[in-house]
Amino acid sequence: MKFRVIGDVAVVGDSGRVRMASRRQEQLLALLICWRGRTVPAETLTDALWGERPAPRPGKNLQVLVHRLRRSLGSADRIRHDRSGYALLAQRAEVDAWHFTDLAERGRRALGQGDPEMAAALLHEALALWGGGTAYPGLHDVPRLAEAAADLEQERRRVLTDRIDAEMALGRHAQVIPELVALLAEDPLAESSAARLMVAMHRAGRRAEALNVYRRTRTVLAEELGVEPGPLLRELEGAILRGDEDIMPVPLQPAGPGPVPALLPAPTGDLTGRDAELREITGLLLGPPVLCVVSGMAGVGKTALAVQAAQLTRERFPDGQLFVNLRGAGTGRVEPHEALGRFLRALGVAGALVPDGLDERAEVFRDLLSDRRVLVVLDDAADEAQVEPLIPAGAGCAVLVTSRGRLAALPAANVVALGMLGIGDAVDLLSKITGRAELREGGPAARELAELCDRLPLALRIAGARLAARPHWTVSRLISRLEAEHDRLDELTHGALSVRAGLALGYSGLAEPGRSLYRRLGLVESPDFTAWVAAALLPAGSREAEDVLENLVEAQLVEYAGTDAIGEPRYRIHDLVRLHARERAVADEAPGAAVAALTRLTGTYLALAERAHRLQYGGDYTVLHGGGARWDLEEPTAGRLLADPAGWLRSERLGLVAAVEQAAALGLSETCWDLAMSTITLFESQGHFDDWSHTSRTALATARRMENPRGEAAMRYSLGTLEIFRQRYAAARPHFEAALRIFETVGDQHGQALALRNAALLDRVEGNVETALAQYGRALRMLRAAGDQHAEAHVLGSIAQIHIENDEGETAAPLLEQALGVYLELGDARGSAQILNRLGLLYLRQNRATDAETAYRQVLDASRNAGDRIGESYGLLGMGEAGLLAGELDRAADYLDAALALAGTIGEPFVAARARLAGGKLAAERGEHQLAGSMLERAAAEFDAIGLPLWHERAREARRALDMLSSPPAPG
């Protein structure tokens, strides 16, 4: 495919000219071409395309325009898109403007190296691309394209002059006179054109005409500018008058190329696991002029990768490769002024001629590289300000930067971000360094060693070097030394290599409060976190804290980990970084500062979890609270986080578990048990029973250790409730009995009522109906006295459940209506779904299939909207049972299969057993008696294992009915 912007704007493919669907597509393609394949920020493109009259949605309009242009080109691969913007992917020879510039550079180089024959051929080929036309014709109403056209036209004139110089060096003076006459006519003030024309005419034997050119030029200069000709023209006039034959055969001939610097370090021989990144960088360097930034944390292998890419592309830069370590991460930073001095001396500028000022050095640097192909490698850059003066302007140059930051403010930078190695590559690197067979095989020990090194290349190199230097050490021995966290950074040191030293450089480059946040983040146990955690740790306002956190991200000490379910950016800190941060916390934190920070953090988790529970339940219902300190986030941050309280709880699940652990470690018993209880709603609805058990047992142990009886009772109540949800009813009773005794001792009637409510449920499932009703009645009175409407509605629903199971629908219905009214008033969709689930059961018992389906559909929708997977399983089950009752067997089977699958996923054995019971009945309806018998037998066994005698008997009864249906009729 050929792209033309000189003389015509067109794309020509194998089948001929490609039709552009709109002028706007031509403008977009031309803009991408004038950026010479570099990535163009989306904002730059929208500004250029729409100017002062932006489209209503410029970003979306640009996306649509790019999509249509790709379709016109017949290839989505031609236009690359990344976070930085858009770029045209094409070879130099495919784009006439790029090909022209390439030929011009090669021609000038040949001329400078004393090969005028080659120079003339190349420059003639470059000029032939124009064919008398202009650049970007018809598109000059776009200012950026008008500028690009003017730049190309200026370059065309320069190429013409260079070609004339080459022809004159070959003695072809007479042939170039017409072109020089035309050039001087276009610009009569151009002394360089006049000088060339005088030399050409004199060497062609036209001495009088040469002197006439001088006189005309002198007259024009006097009339237009009031000045005399410069020394070059005056010297030429004198030489011609004297009859000198050997006068300046090639006026203004470029100087020789000067030194060719080769400053690249030697490549790393065992670069591993970076094939994709290496291909990306070398592809960029081999294409149009590029600025590439390789970013990543300390020790991730940025320099090794950059040097390898630079070495692989040396032939693309025959005029030299410059390299400087800018030392941006720590002390001894190399300023741009010093770096430019080194570069200029390497490029042949004598020390005495190197300017003093930064701007002057940058100007000389850009001028020297304006028509050369040089690769500039800037290692360990701190920021954009350190890099910008070191960027050459030459179209043939490229810049490769390594930095802990992304340096996103550099114009048109292509960023290649390096992360940790994959586990396979990490093991491979260890194997290459050590040569050990046990590591080449990639067994468990090799993988464990790689993980202890955090799959960080620097740490892996150190570990490998230690094993290579100690052949008597086994891999297991090194692993045992690394397992102790407090010694790990000591162990990851070998000679001049040190993980701690690399991290210390990054830490030393931070300003306060960045250092404080870094230290305190190392103490946080959560695997990831959002920006509000920084606000609690500092403490600071949300915006200020987020800015400090982003500085740590820029320094590659904290990593962006994606966006959570409520749209909040999440961050993480790698294990080795965490260990270093903890070291600095021990060494640098003021006494008590770290404890105060973690106390604020756990207090913030508690305040948010309490508020999330309150928003979900309509108040502080079905929960007990302690006297732990809260730390409230400012508005509107807290409101934004809890706009979806269930979503926030789901996003922060691991953080909440870690906060309970940290409160326990700090001896904050009240915060610990309160936080554990406030998160039950999350663990219950999502089926995270292991988290529920862990947090409650952690808080129970802390309450006992700190002699906190009310906290102990609350956690016994929590663990009993967990056993109910696990349908392990016998294991639940001791917890409730203990909780009731302690609540009564401390005089907590609300706690007693909640424990009584759940103890009554045990009596109900065990068939002790009268005892259950009495317990429920007592709990109901105490809950009303405590003002816990939510728990009151729950008890009403439980009492109604007993009446449903006894076929007392007339008694159950008003209780359910009363409970549903309470939940609706509280705005509790999940509580409402639980009552609707019982209504559905009532309708099934009354053979009202349509009403049951309506109720269960509401249960299903509400549960899915709330992310309540347990509620969803009940909704699916109910829809299946309603379909079975209505005789819609295929639809019923689909719902029952879905209920069974979900119940197995979330660990809900009661729903699974009921789904099998209904599925057995459905199979019997279809005449699949063998399948029906198997399902009913399994359902009965599962009900028996759970401890539900009533449901066990229902399954046995269904099996007996199946047996009777399957038995042959009695004779006679």
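Visitor: At roughly what angle do the axes of helix α22 and helix α26 cross?
Guide: This is a predicted model. In it, helix α22 spans residues 499-508 and helix α26 spans residues 575-588. Their axes come within 10 Å, and the crossing is at roughly 65 degrees.

Visitor: Is α22 roughly parallel or roughly perpendicular to α26?
Guide: The crossing of α22 and α26 is right-handed. Angles of 65 to 115 degrees count as roughly perpendicular. The axes cross at roughly 65 degrees, so α22 is, relative to α26, roughly perpendicular.

Visitor: How many charged residues does the contact of α22 with α26 have?
Guide: On the α22 side the contact includes Arg-500 and Tyr-507, and on the α26 side Glu-583, Arg-584 and Asp-588 are among the residues. By class, 6 residues are nonpolar and 1 is polar, while the number of charged residues is 4.

Visitor: Which are the edge strands of the open sheet of 5 strands?
Guide: The strand order is β7-β8-β9-β6-β10, with parallel pairing. An edge strand here pairs on one side only. That applies to β7 (321-325) and β10 (413-417).

Visitor: Which strands does helix α13 touch?
Guide: Helix α13, residues 336-346, packs on the sheet. Its direction makes about 150 degrees with that of β7.

Conventions: Residues are numbered from 1 along each chain as its sequence is written. This is a predicted model: local features need pLDDT of at least 70, side-chain atom pairs count only at pLDDT 80 or more; totals for chains, interfaces and linings use all residues. Side-chain values use heavy atoms; hydrogens and water are left out. Two strands pair if DSSP finds at least two bridges between them. Helices (H or I, at least four residues) and strands (E, at least two) are DSSP runs, numbered from the N terminus. Contact means heavy atoms within 4.5 Å. Axes are lines fitted to C-alpha atoms, for helices over the stretch in contact, and angles run from 0 to 180 degrees between N-to-C directions. Angles under 35 degrees count as roughly parallel, over 145 as roughly antiparallel, 65 to 115 as roughly perpendicular and the rest as oblique. A crossing is left-handed if the near helix is turned anticlockwise from the far one by less than a right angle, and right-handed if clockwise. Ala, Val, Leu, Ile, Met, Phe, Trp, Tyr, Cys and Pro count as nonpolar, Asp, Glu, Lys and Arg as charged, and the others, Gly among them, as polar.
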